Structures are given as C-alpha cells and as structure tokens.
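Student: I would like to go through this structure slowly, asking at each step what a given word rests on. Could we start with the overall form and then turn to single residues?

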2 protein chains.
Amino acid sequence: MEPKLLLTPGPTPIPPQVTHAMSAGMIGHRSSDFTSLMENVQSSIRPLFGTDHPVAILTSSGTSALETSMVNLVEPEEAVLIIVSGAFGDRFRSIAKSYPYEVHIYEVPWGEGLDIEDFKDFLASKQNIKAVFSQACETSTAVVHPINALGKLVKDYSEETLFVVDGVSAVGGMKFDMKADAIDCLVTGSQKALMLPPGLAFVAMNNTARKRASNNKLPRFYLDINKYFDALEDHSTPFTPAVSLIQGLDQVLSLYNEEGIEKVFDRHLAMRNMLRAGLKALDLELLVEDAYASPTVTAFKSDENELSHIKDALKNKHGITIAGGQKHLKGRILRIGHMGYMFPKDMLTVLAALEAILSKHRNKQYYGKALAAAQEAYYE
Amino acid sequence: MEPKLLLTPGPTPIPPQVTHAMSAGMIGHRSSDFTSLMENVQSSIRPLFGTDHPVAILTSSGTSALETSMVNLVEPEEAVLIIVSGAFGDRFRSIAKSYPYEVHIYEVPWGEGLDIEDFKDFLASKQNIKAVFSQACETSTAVVHPINALGKLVKDYSEETLFVVDGVSAVGGMKFDMKADAIDCLVTGSQKALMLPPGLAFVAMNNTARKRASNNKLPRFYLDINKYFDALEDHSTPFTPAVSLIQGLDQVLSLYNEEGIEKVFDRHLAMRNMLRAGLKALDLELLVEDAYASPTVTAFKSDENELSHIKDALKNKHGITIAGGQKHLKGRILRIGHMGYMFPKDMLTVLAALEAILSKHRNKQYYGKALAAAQEAYYE
C-alpha cells in the first residue's frame with residue numbers, strides 16, 4: 001500500500017496537483033484558452049531562469065534544447081569550446097561533432113570541480129571561440145560548475161563570445177541570474193526540478209543571443225529558435241505543442257509561487273546538506289567535494305558489489321528508486337536525486353533505509369547515525 | 001454540467017482510460033518498467049502503420065516527424081518532389097526550403113483531389129527525384145490523396161525514388177499497408193486519431209529507407225532517426241522520452257485492440273458518411289468531392305458571416321468546438337474533426353446543434369433533417 005519513492009535525478013515525481021492539471025482535458029492549441037495559459041506561464045517562468053527575457057518552450061527532450069542552443073548560436077565553420085565533465089558535457093560534444101564546427105574540448109575529470117585558473121589559460125590559448133558551452137550541474141556526476149566565474153572569464157576573453165549554459169537538473173533547483181552571471185543562453189528540460197514529465201525543453205536567450213540566432217544561416221527547421229520567439233509574441237507556439245504538459249507547467253509555476261522561489265532553492269540546499277551529512281555517517285564516500293556539491297543530486301562511491309546491493313535492496317525492500325552511474329562511472333557510484341517534488345522527510349526516508357541495508361550488509365550498527373547527522377545538518 | 005465536445009482535427013479528446021494511464025506516476029526511462037512498456041507498445045503499434053518494421057517514437061510535434069523524414073532520407077543537393085495541396089504540404093515545402101535541396105513542387109488546388117494522370121506527367125518531366133513527399137490526408141482541406149496509386153507511380157518512375165507519406169490525421173483513422181502502397185516512410189503525430197495529447201511523433205521506415213538514412217551525411221542530431229532505431233533494439237530511446245505520453249500510448253493501443261482495428265477504421269468511415277449526409281441536408285456545401293473525402297475530417301463552405309456565426313454559436317451555446325480554415329481557406333470553410341475518441345453519437349450531437357443554429361439563422365426549418373440523413377447514412 002505504501003507509495004514508492006522515486007529519487008532519481010530525472011524523471012522526478014509529479015505533484016498530484018500537477019497530475020490533476022494535466023488531466024483537465026484537451027484544448028485546441030489555437031484557442032483563447034491556450035493563449036491565456038501561455039501568457040500565464042510566460043510571466044511566471046522567467047524568474048526561474050533569472051531573466052526578464054522570453055523563455056521559448058519546445059516540445060521535445062532536454063537534449064534538443066542543447067542542440068537548439070548550438071545550432072542557433074554557432075555558424076558553420078565557427079569555433080566552439082565545450083567543457084566536458086560528464087555524460088552531458090559529452091552530449092554537447094557529440095552534438096557539436098555532428099555539425100561542421102571547429103570543436104575545442106576542455107576536459108574536467110568526472111566528479112571533480114572545474115579549476116577556474118586552468119580553464120582561463122586554456123581559453124586564452126584558443127582563437128576566435130564564438131561560444132563556450134557548460135553544464136551548470138553535470139547530472140551524471142553531481143558537480144556544479146562556478147557559473148558566475150565562468151561567465152566573467154568568457155566575457156573577459158571576448159565580448160563577442162557567447163556563454164551558453166545547460167541548466168538541466170539546475171533550473172528550478174538553484175538560483176540563476178542571467179545578467180549577473182553573464183549567461184547569454186540558458187536551457188533546461190521539464191523532467192528535473194520542474195516536476196513535470198519529460199517532453200518540454202526550455203530556451204532562454206538575451207538580446208545578444210537572439211540577434212546571433214536570427215542571423216544564423218545553418219539549415220534547421222524544428223529547432224529554429226526564431227520561430228518559437230516569434231510565436232511567443234502572440235502567446236503561441238509555431239508547431240502543435242504538448243498541451244497537457246503546458247497545462248501541468250502552469251500548475252508547477254503556481255506551486256513555486258506558493259512556496260516562494262527562494263524557499264524552494266533553500267529546500268534544495270537543505271536536502272543536499274542532510275544527505276551529504278547522512279551518507280558520511282554511513283561511511284560512504286561522496287564523489288564530489290563540498291565546494292562543488294549540487295543542490296539537486298548527490299553521488300556516493302563504494303565498491304561495485306556493495307553499490308549493486310544497495311540499489312537493489314532500496315528498490316526491492318524499501319520501494320525507493322535511485323540511479324546508478326553513467327558511462328565510465330557505471331558501477332562506481334550511485335546517485336540520489338533531490339530536486340523538484342522531494343522534501344527533507346524523503347531524505348530521512350532514504351537514509352533510514354540505507355542505515356538498515358548497510359547495518360545488515362556490513363554487519364555493523366548504523367541505526368540512527370545517518371538520521372542524526374541529517375537532522376543536525378537541517379536544524380543547525 | 002454537460003461536458004464540452006472537442007471536434008477539431010487535432011488535438012482530439014483523450015479517453016478517460018488514457019488520462020488515467022498517463023497519471024500512473026513517473027517511472028525512470030532506463031528502468032525495466034519502461035522497457036516492458038516500450039516492448040508492448042512496439043508490438044501493438046505496427047498494425048496501425050500497416051508494417052512489420054519498427055516504428056520509431058520521437059518526443060516532439062508532428063512537424064518534427066515531417067522534418068525527420070526529409071533530413072534522414074535526402075542528402076544535400078538532391079532533388080525532392082513535394083505535393084502541396086494545403087497547409088501541411090506547405091509545411092513540407094518550408095522544411096525543404098530550409099535545407100540545401102533542389103525542391104520541385106506539384107501544386108493541387110486546395111480542397112481538390114489529386115489528378116493522378118497529370119501528376120504522372122509532372123513527375124516524368126523531372127530528373128533524379130530522390131523522394132516524393134505527400135500527405136495521406138491533408139488536414140487543412142479534408143482531402144485524402146490516392147496513396148496506393150501514387151506509390152505505384154513513384155516506383156514506376158524509379159525504384160530508387162522513395163515515397164514518403166505524412167500520415168498525420170490519417171494513421172489510426174484509416175488503413176495503411178506500407179508494402180502494398182509502396183510507402184517507404186510513414187510518419188504521424190500523437191494528437192490526432194491516436195487519441196493522445198500532442199508530444200509524440202512516429203516514424204516508420206522500411207529497409208530501403210533505413211539504409212538511406214544510415215548513409216545520409218546531412219548534419220543532424222536530435223532528428224537523426226538512426227539513433228532511435230538503434231535504441232529500439234533494446235526497447236529504449238536515445239534521449240529522455242515523454243514517459244507519461246508513452247504510458248498513455250500503451251493504453252490507446254489496448255483500446256484499439258479491444259474495439260478491433262478494422263472496426264475502428266469502419267467507425268471513422270461511418271462518421272464521415274453521417275456528417276457528409278447531414279451537412280448536405282443543411283444546404284451546406286462540402287469542400288471535397290466524395291471520392292477524396294477524408295474519414296477523419298470534413299470541411300464545409302458557406303459565406304464568411306455564416307461560418308463565423310456557426311462556429312461561435314456551436315462553442316457558446318452548445319459547448320462544441322470545431323475548427324476554421326487555415327491560410328487562404330481562412331474564413332471560407334469550417335472543419336469538423338471526427339477521429340480518435342469520437343463516435344457516431346457525437347456526429348448526431350453536432351448535426352443537431354447545426355440544425356438549431358441554421359434554423360434560427362436562416363429562418364428556415366431544419367429540425368430532424370440532418371439527423372435523418374445521418375441515420376440513413378449510418379444504417380443503410
């Protein structure tokens with residue numbers, strides 16, 4: 001009878017109010033009902049991106065938002081610099097390699113934070129970089145990058161160089177300020193902190209990026225962002241949008257405003273701190289140092305057998321789903337998502353389950369230890 | 001208290017069983033639960049496309065399926081022939097013009113059927129056409145094209161020339177047989193006869209098309225269909241899919257099998273016949289001749305004032321939404337959708353409302369006339 005707990009870094013649980021909104025019944029996407037919906041959504045979503053500029057909404061996966069940012073902002077034969085620190089940096093690389101771009105990669109060891117001085121030297125050594133691409137939070141490693149410092153570096157390198165940030169697993173779970181952080185384009189998907197099923201992609205651009213996009217000659221149609229911004233002027237979309245997901249999005253944004261956006265961000269930080277304290281108390285090594293730890297996802301290490309046992313026992317005995325590592329972190333880490341419709345009590349629930357699993361598996365008494373550490377992290 | 005009736009040619013009403021399935025709660029898209037779902041879906045969806053080949057599922061609008069069919073099957077500098085008979089043929093044209101293709105357009109007056117002999121001469125006059133693109137049903141005009149005859153013509157022209165069919169507003173509402181109709185690629189979206197919210201696009205390809213796609217060098221990433229077919233081998237998707245819509249799709253396919261696919265197609269034909277008989281009885285001129293009339297959408301003409309009055313009165317007094325014309329048919333026609341979760345009784349409902357509206361508007365007695373004609377069309 002007990003509901004299962006989905007603590008993966010996407011898809012994430014859907015609030016019942018949002019499920020309800022998505023079940024309201026179909027409306028025509030050229031109707032005045034839909035236009036009002038889009039108008040509401042547009043005014044409430046911008047603060048999550050930290051911008052006054054319009055946020056385009058595409059019907060597609062987050063990956064298409066990454067591609068959209070690239071194919072609209074970079075012309076054929078131009079040079080891009082991509083920070084690759086995990087599976088999603090890798091995806092930026094794969095996208096770039098699919099197009100006739102000059103691709104420069106700045107590699108960061110998976111799980112480590114970015115060394116800003118080293119990156120500065122690397123950037124300075126490259127000529128004519130038109131755009132720098134980075135994750136805000138690399139979902140596959142649970143690392144956050146120093147976006148504000150990176151933005152400044154990019155603009156010091158050249159005012160003409162765009163700074164493009166993948167906000168998947170970050171937007172909605174941590175604060176952004178596109179202007180202060182010198183972000184020209186910020187993208188995300190619906191299925192992470194935004195508490196929706198997958199199927200919507202979001203692209204926010206400042207005027208500099210918009211201008212670059214409108215002049216870009218690279219062949220594209222569905223991912224031509226100009227079409228979406230043009231349609232937004234009439235609170236519309238260029239192609240039939242995922243109506244039910246947008247009905248849900250409107251409700252999501254109401255929930256944000258009800259709790260207060262700043263309080264939502266604080267809740268994410270609190271969950272991170274609880275989890276990190278609790279995992280340490282369980283003698284589990286955290287993959288990421290405190291300074292780079294994400295407010296939305298936490299990764300911990302152990303040997304492959306123990307990780308496999310933990311993941312299975314959580315699922316089968318406790319009804320809790322968490323995620324494994326991706327690519328070369330497969331079998332080396334587990335990841336707990338703590339974004340969107342997740343709360344401090346859920347962190348206590350997963351830590352309590354881990355206490356039980358590890359007490360038995362290691363024949364060592366952990367009862368109360370992780371919970372105490374998490375309570376202290378939350379209340380002190 | 002009375003529920004509203006959405007009779008537009010997309011989005012269409014969602015069956016309550018499907019809404020329920022879409023509310024089941026989020027599952028991870030790399031979980032075994034999702035893999036089973038995809039396996040189920042794959043085995044049930046192929047008959048709707050009339051194929052034994054895999055049907056790729058993209059998270060995106062129907063337009064992206066049109067683009068996907070083109071950018072995967074046609075190389076830069078190659079020649080395409082597009083049949084343009086309405087707004088969606090126009091969309092194929094716009095997509096083609098966005099890429100470095102040699103574009104030939106065969107225009108059919110909007111609302112008219114395609115003259116197969118004339119088309120044959122046109123095709124014969126063009127050199128090296130690599131692919132011919134056509135709608136099965138042009139949603140904007142309610143015309144169906146003679147797909148079987150077109151397919152034969154294309155293959156007579158050259159075995160190397162692919163025949164690509166836009167099945168939006170047709171797949172799920174009328175019978176296809178990709179082999180018998182010589183269709184190499186058939187695409188559609190989720191929000192028409194498939195009774196789902198918008199957000200999924202479907203691409204079926206035979207081996208000839210698959211081979212062409214795998215050799216195609218045109219730069220693309222999200223719309224690279226090879227990635228989707230590769231992932232399907234593991235019952236998976238290359239990027240995070242619209243999980244809730246796929247949960248709904250599984251239920252849709254159960255409903256098809258429950259009613260029986262052939263019976264669903266018969267129901268669509270019956271609704272068309274009822275509506276056409278009823279509209280004629282109301283002295284409303286049908287846009288399309290019987291021979292080309294779509295089983296999923298019906299368009300009728302009148303003067304602009306009367307059309308505007310009908311549309312408003314249906315919505316405001318009867319809670320029934322139908323659609324206007326698009327582009328240069330705007331103000332010249334109205335369109336009634338009759339696909340997916342729509343039934344003969346809904347045709348009676350809209351005809352009864354039209355009887356009432358026109359009896360008053362024209363000061364002429366229509367009561368029972370359209371209903372009688374529709375009943376006869378259904379039962380005789």
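Tutor: Let us begin with the form of one chain. This is a predicted model, in which local features need pLDDT of at least 70, side-chain atom pairs count only at pLDDT 80 or more, and totals for chains, interfaces and linings use all residues. Residues are numbered from 1 along each chain as its sequence is written, and chains are lettered from A in the order in which they are written.

Student: How do you know that the radius of gyration of chain A agrees with that of a compact globule?

Tutor: The radius of gyration is taken over C-alpha atoms, and the globule rule is 2.2 Å times the number of residues to the power 0.38. With 380 residues the rule gives a value near 21 Å, and chain A has 21 Å, so the two agree. Along its principal axes, the C-alpha trace of chain A spans about 65 × 55 × 35 Å.

Student: Why is Leu253(A) called buried?

Tutor: Buried means under 20% relative accessible area, exposed means over 50%, and partly exposed lies in between (1.4 Å probe, protein chains only). Leu253(A) has 2% relative accessibility, and therefore counts as buried. Leu253(A) sits in helix H9 (residues 243-259) of chain A, where a helix is a DSSP run of H or I with at least four residues and a strand is a run of E with at least two, numbered from the N terminus. Leaving aside residues up to four places away in sequence, Leu253(A) touches Val41(A), Ser44(A), Ile45(A) and Leu48(A), a contact being heavy atoms within 4.5 Å.

Student: What makes Asp283(A) partly exposed?

Tutor: The relative accessible area of Asp283(A) is 46%, so this residue is partly exposed. Asp283(A) lies in the loop between helix H10 (261-281) and strand E11 (285-286) of chain A, and has a positive phi of about 60° although it is not a glycine. Met195(A) likewise has a positive phi of about 60° without being a glycine, but Met195(A) is buried, because its relative accessible area is 6%.

Student: How do you know that the two copies are related as by a two-fold rotation axis?

Tutor: Copies are superposed by least squares on the C-alpha atoms of residues with pLDDT of at least 70 in both. Chain B can be laid on chain A with an RMSD of 0.0 Å by a turn of 180° and a shift of 0.0 Å along the axis. The two copies are thus related as by a two-fold rotation axis.

Terms used: Heavy atoms only, no water.
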